[in-house]
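Q: I would like to learn how to read the features of a structure such as this one. Please show it first.

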Amino acid sequence: VGASSTHAPPYRKVELQHKLRSTKQQRGVLSKFKMNFLRLALLLSCTAHVLGVKTVTYKTVNDQLLQLDIYSPSSFHVPTVSAACLTKLVDYCGHSYDSSHGSKCPDCINDHKKHLGLAGCPSNLTLLDSYYCGKTLDQAMESSNVNAMYPLLLYIHGGGWETGSKSIVPDYIRSVAERNRYVLASVQYRLTSEAEKWGGVDAITWPAQGDDCLDALRFLSRYAASFSIDTQRTACWGGSAGGHLCSYLAAYGALNSTETTLKVALPFYGPTNIIDMTLDIDPKVGCHIDHDAVGSFESKLCGSAKTNVSIGQIRHNENNTTAPWPHLVKLAQSVNPVMYIRQGVTPPMFVAHGTDDHIVPFKQSERLVDALQQAGIRHVFAAAEGCDHATEPRDCWQAVVEQAQQWVTSNL
């Protein structure tokens, strides 16, 4: 176009300009179409995620009305089968078949469907694959019992305590819940950006977020029978801010009461010491966020929207005894899960973090692991080599996610 326009007559320039404008307009239309298509696809995917979910509204100890999205095992549509069928299923496709023949259990079911049918099994066993494969007879019978009590997996979303939604649950969380028939509950908690929503003029600050998660677990514990929850087998899983709240819930909740005591926790790449976030940045990795700024997630969590005081200022005044610094330092320290870890009290944890995290420094999870180590708390620390913040791309995090799924399955 540039070469032609140098020697072309005026009408040629106009024609070229018209073509360029037309092309841009077409691209604009295509861009809008693509955006609308993506929005529709996202809506459909989100809708698919909430099929079968039950939203429950409850009142917190502070008289706030919050919600939980609860996916119960009954919503997974797994058929109940006879004891005779389960016996045959385990005989044909149990641990011994998997280990000796090296075949996947669903293939085994298909191979022996006609034999299983003799034992009164349903003609379509597809839905049974992920629930009964590789289980012992007792485990299979428990899974098939319509009156059974199921483990609870509490999911806490991330978003810097400022954004995010309980309605979006990662596939790897849903899949482990469905495969093991857990009651899956996704927590709503008040965000720092939602002051007007909750009828206040001030920002929603700590400890509102932690209290909301405690209240969610307390509610589910008190009404466990209504949701078929086994209160002796409860876990939380969360990433980023959700990872922080998960480790806080595990550590502080165990000190609080039996209603808020978890059996295990899986905090992924969450902050554990917000005062020292900037100090923990690896120069070789860097960071995309100025954690010391007055507008940072951590500063807002501690009320910077009202006080105009940043986390960096709080750190620089840790030893200042004049007001308001002692109060602000105590508030910031109370956010940190490592403050509440106790020997013989804190539940086991599976801690995971990407070594190339540009949002929450890798050192933050190392702090949590060090505290667990010193207290003698059983734990696993999975370092996702070369991975950034969040569990995408999947190929980077896949091995760690699968390890975490196996861990929660064996420990819950």
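Q: Among contacts in the protein chain between residues at least 6 apart in sequence, what percentage join residues at least 24 apart?
A: A contact means heavy atoms within 4.5 Å. In the protein chain, 71% of the contacts between residues at least 6 apart in sequence join residues at least 24 apart. This is a predicted model, in which local features need pLDDT of at least 70 and side-chain atom pairs count only at pLDDT 80 or more, while totals for chains, interfaces and linings use all residues. Residues are numbered from 1 along each chain as its sequence is written, and side-chain values use heavy atoms, with hydrogens and water left out.

Q: How many helices and strands does the protein chain have?
A: Helices (H or I, at least four residues) and strands (E, at least two) are DSSP runs, numbered from the N terminus. The protein chain has 17 helices and eight strands.

Q: What is the order of the strands in the sheet?
A: Two strands pair if DSSP finds at least two bridges between them. The eight strands form an open sheet with mixed pairing, in the order β1-β2-β4-β3-β5-β6-β7-β8. At the edges stand β1 (54–59) and β8 (379–384), each with a single partner strand, so one side of each has no neighbour in the sheet. From one strand to the next, the twist averages 20°; angles run from 0 to 180 degrees between N-to-C directions, with axes as lines fitted to C-alpha atoms, for helices over the stretch in contact.

Q: Which strands does helix α11 lie across?
A: Helix α11 (residues 241–256) lies across β3, β5 (229–239), β6 and β7 (349–354), and runs at about 145° to β5. Helix α17 (residues 394–411) also packs on the sheet, where it touches β5, β6, β7 and β8, and its direction makes about 165° with that of β6.

Q: How many bridges join β2 to β4?
A: Four bridges join these strands, which run antiparallel, β4 being residues 183–187. Within β4, Ser186 is the bridge partner of Asp69.

Q: Which side chain meets that of Asp69 in a salt bridge?
A: Side chains of opposite charge can pair when their charged atoms come close. The cut-off for a salt bridge is a side-chain nitrogen of Lys or Arg within 4 Å of a carboxyl oxygen of Asp or Glu. Asp69 meets Lys166 in this way, at 2.9 Å from N to O. Asp69 lies in strand β2 (residues 65–71) and Lys166 in the loop between β3 and α9, so the pair ties together parts 97 residues apart in sequence.

Q: Is Lys166 buried or exposed?
A: Buried means under 20% relative accessible area, exposed over 50%, and partly exposed in between (1.4 Å probe, protein chains only). Lys166 is buried, at 10%, and Asp69 is buried too, at 3%. Leaving aside neighbours within four places in sequence, the contacts of Lys166 include Thr55, His157 and Ser186.

Q: How many salt bridges does a search of the whole structure find?
A: The search finds 12. One of them joins Lys300 and Glu162, with the closest N and O atoms 3.2 Å apart. That pair links distant parts of the chain, 138 residues apart: Lys300 is in helix α12 (residues 297–301) and Glu162 in the loop between β3 and α9. Lys300 is partly exposed, at 27%, whereas Glu162 counts as buried, at 17%. Arg315 and Asp292 form another, at 2.7 Å from N to O, and both residues are buried. Asp215, Arg218, Arg222 and Glu259 are linked in a network of salt bridges.
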